[in-house]
Protein chains: 2
Amino acid sequence: MVKRIEEQFLQYVKKMMGYHEAINLMYWDLRTGAPKKGVEQRSEVIGMLSEEAFNMSTSEEMAAFIAKLSPKGIYEQLDEVTRHTLNECKKEYERNKKIPVEEYKQYVVLCSKAESVWEEARAAADFDRFRPYLEQIIEFQRRFIGYWGYEGHPYNTLLDQYEPGMTVELLDGLFGQLCERIVPLVHAISAATDQPDTSFLFATFPKEKQRAFLLELLVELGYDFGKGRLDETIHPFAIGLNPNDVRITTRYDERDFRTAVFGTIHECGHALYEQHISATLVGTPLASGASMGIHESQSLFFENMIGRHLSFWKRHYPRLQRYAPEQFAGVSLDAFYRAINEVKPSLIRIEADELTYPLHIIVRYEIEKQLFAGEIEAADLPDVWNEKYEQYLGIRPHNDSVGVLQDVHWSGGSFGYFPSYALGYMYAAQFKQALEKELDVARLLEEGNITPIREWLTANVHRFGKTKKPLDLVRDATGEPLKADYLIQYLEEKYKAIYCL
Amino acid sequence: MVKRIEEQFLQYVKKMMGYHEAINLMYWDLRTGAPKKGVEQRSEVIGMLSEEAFNMSTSEEMAAFIAKLSPKGIYEQLDEVTRHTLNECKKEYERNKKIPVEEYKQYVVLCSKAESVWEEARAAADFDRFRPYLEQIIEFQRRFIGYWGYEGHPYNTLLDQYEPGMTVELLDGLFGQLCERIVPLVHAISAATDQPDTSFLFATFPKEKQRAFLLELLVELGYDFGKGRLDETIHPFAIGLNPNDVRITTRYDERDFRTAVFGTIHECGHALYEQHISATLVGTPLASGASMGIHESQSLFFENMIGRHLSFWKRHYPRLQRYAPEQFAGVSLDAFYRAINEVKPSLIRIEADELTYPLHIIVRYEIEKQLFAGEIEAADLPDVWNEKYEQYLGIRPHNDSVGVLQDVHWSGGSFGYFPSYALGYMYAAQFKQALEKELDVARLLEEGNITPIREWLTANVHRFGKTKKPLDLVRDATGEPLKADYLIQYLEEKYKAIYCL
């Protein structure tokens, strides 16, 4: 009897995931080359299938499955994958059901308007144009927090959406330590006399040559083209339709090869994660990353800890030089390595280097935390923002377009999302420290033998998909709770050496 | 009240069509570059969405809509598009409901097995391996005919699936006349002394150059790249996701440019049809071709009546020569024109030229008709096939792999489909004759001014989508019922001139 309901439940979930696979393919298609005039009708179809999937997740049928399979004595009889799936479905069901339908509809309409207003406001560097929308979005989010409930800080329930189990109490400690050590380092670097020469980075590097270089690189990194493909887009992304179809996209800038090279290695890190999720999880919501932050840990690990490692370029720099001989003539490996690891405090998050990036995140984290503690309001944001940039990065935005208006996130109500980016660095550094106990990473990179590294990540991270919470995953993989120490240590060692401090 | 049900019905149908749009995108993706290892899971999702769409078409809800909107007095109040949509839905509902569910499931399983057995049998040229499956498929189809009912000949109900309103009574007349005139012409051509030299066709023509030539050509033919894209596949096709997203694919053979050039013009003809279906039909089953044959009339019109026309190459041959100067050095326009219109009776339908192609179809038509009249059985097919090839084309297959086993259609139960291919030629010739009353086609082709031709086709064919039955469409567009005369006249004039008969 239980077995039969369990099977029906899994079939039901599989269908829901099938909708998501179709929707994801439509998104991929829209972003990689769908004919422009077909976009409107395609968006309607995406909306229709999304509604269908959403309705399934909050239906009476779903409620009945949850009611029948959750009781003690029955839950324990379920297969492990079913139990995790049930937990995920329950969590989504409860979140979605707690918000009154009419209120949620108003909120969706507001956000879709807000995004275009935000775009205009950013273009005009006019925060006041966006402010009334932002105020309403924050109001809605505060009410949602009330519906959902929370433990400790109200912001915790927002964090939990993207990073299950993460709390203000934990983040305050982790980000505090990070700030304490990284801010002085950034200031010391800004004052250092021996700055890298980066002028050679901006020579013309034809797109076809970049692509040829990258295709070879992706194969060496272990990206399986039997389970993926590389396309071009304006905003690069990785998208897992299922673990056997995980696509990546990139953007080529002929006057800055770093855009495509580091962007592609980054997306490759995301893709390797999803390509190696256990096949037993396919057809459930578990066949995805454990959290936004864990996903980002994989892309950042590949982009920075592999892709900006000296040993990696010992092997690949001569090959890169063959693709653009004039550009790199007379540029030594060491000069190249220093240039691609340049540290330079800047105003724009998405253009930031590895060292200053977490500081951009901490600014946003502190602001969001204060907003949902009721300590500040939307109207305070420009001033608070500018002061924090001055404090942490030593630079002050000259207008809101390069300040508080730069990110799309808040216009869509994505509060609680930003910390995942910085957590990604922290997770990555802790994974690195653990895997280096078993593997000589520098030697493997010089040999081009990425497989043992990828296998370690698969064994300890990838295969579990969403069956573990991020903090448990880190503890199981590294034998320790999450600490800021490993990221601090990694950054200090690397950048003190580069800047001879 | 009626208005409200009408709106609900249209919403319901729109959702069903949304599924089909998603399914079609998944098919396009599978055939143009989806990662190989993801195919299995993708096929499951396609199956799931297809089942959903099928269930909607045969649901109690659909039955209720039909019951509520069909009665006299109500039906007349409906919008015209709704009336046509209702008719289509009713037709599909009744067809699908008449077959017992269990029997249909057995049939689907049989067909999916039969296709792989057919592939093996064809590879081994062993008809007996495929025969037991074919026998069962025919048995099922004969029972289906019983369920569906028919007027006149039992085969009529099969024809009606692909060519609404078409009957054996009509086809016997049309195909009979065609045979009577074309068979002697083919024989005369085979015996002609002045055969075209085709040797220059097979020089190496690099793929990139073919593609560049074709991209320019497609724009001149009126293919709107804002509503479509050109990709590569093994088996070329056109697919309309909606009238604003109609994609085509092609295959490049570097040793025979004709594959891509004429293949692409053919698919362009299909695509122009769907790109110009009236926007009012989007979201209904009417936003597609009137029938298989009418669809084929558009592709064949472009491929042959435009793409193999002397005036067309007067304009484009110099451009083609620039893309492959060595290949065409010393080849006159006349020699080129004769070569691309070579007639040569052959065993394989899909390789046949414009003149002999209809004969391949007539062979299949006669066989299918006899099968469903109970005059022959599966076991008789190889002999009947070979005799008919000898009779009509003057050549006899040396084994069943190039004979009765060559087409995939029967393994999937697609009986009644083949006649549409030959009807496509007939429709096209009759459209040509009618539009030539208003337009100087030869002059327009020389000027590269395709627009008036495409506009005539849009006004008389494209825009109606599936709102007219093929025979009505032909009568309305040309002022006459369908006749074989125009095709015969076109073929005789063209090929007598080319072969100096």
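This note goes through some local features of chain A in a predicted model.

1. Ala125(A) has a phi near 50°, which is a positive value in a residue other than glycine. Its place is the loop between helix 5 (101-124) and helix 6 (127-148) of chain A.

2. Cys500(A) is not a glycine either, and its phi is positive at about 50°. This residue is found in the segment after helix 21 (485-498) of chain A. Cys500(A) has a relative accessible area of 56%, so it is exposed; the cut-off for that word is over 50%.

3. Over all chains, a search of the whole structure gives 77 aromatic pairs. One of the pairs is formed by Tyr107(A) and Phe140(A): the ring centres are 5.5 Å apart and the planes stand at 55°, so the pair is tilted. An angle over 60 degrees would have counted as edge-to-face.

4. What does the pair of Tyr107(A) and Phe140(A) tie together? Tyr107(A) belongs to helix 5 of chain A and Phe140(A) to helix 6 of chain A, so the pair links parts that are 33 residues apart in sequence. Both Tyr107(A) and Phe140(A) are buried.

5. Arg95(A) has its charged end over the ring of Trp148(A), at 4.0 Å from the ring centre. For Arg349(A), the charged end sits over the ring of Tyr421(A), and the distance to the centre of that ring is 4.9 Å.

Methods:
Residues numbered from 1 in each chain as written. Chains lettered and ligands numbered in written order. Predicted model: local features only at pLDDT ≥ 70, side-chain atom pairs only at ≥ 80, totals over all residues. Heavy atoms only, no water. Helix = DSSP H or I, 4+ residues; strand = E, 2+ residues; numbered from the N terminus. Buried < 20%, exposed > 50% of the residue type's maximum accessible area, 1.4 Å probe, protein only. Phe/Tyr/Trp six-rings, centres within 6.5 Å; stacked < 30°, edge-to-face > 60°. Lys NZ or Arg CZ within 6 Å of the ring centre and 35° of its normal.
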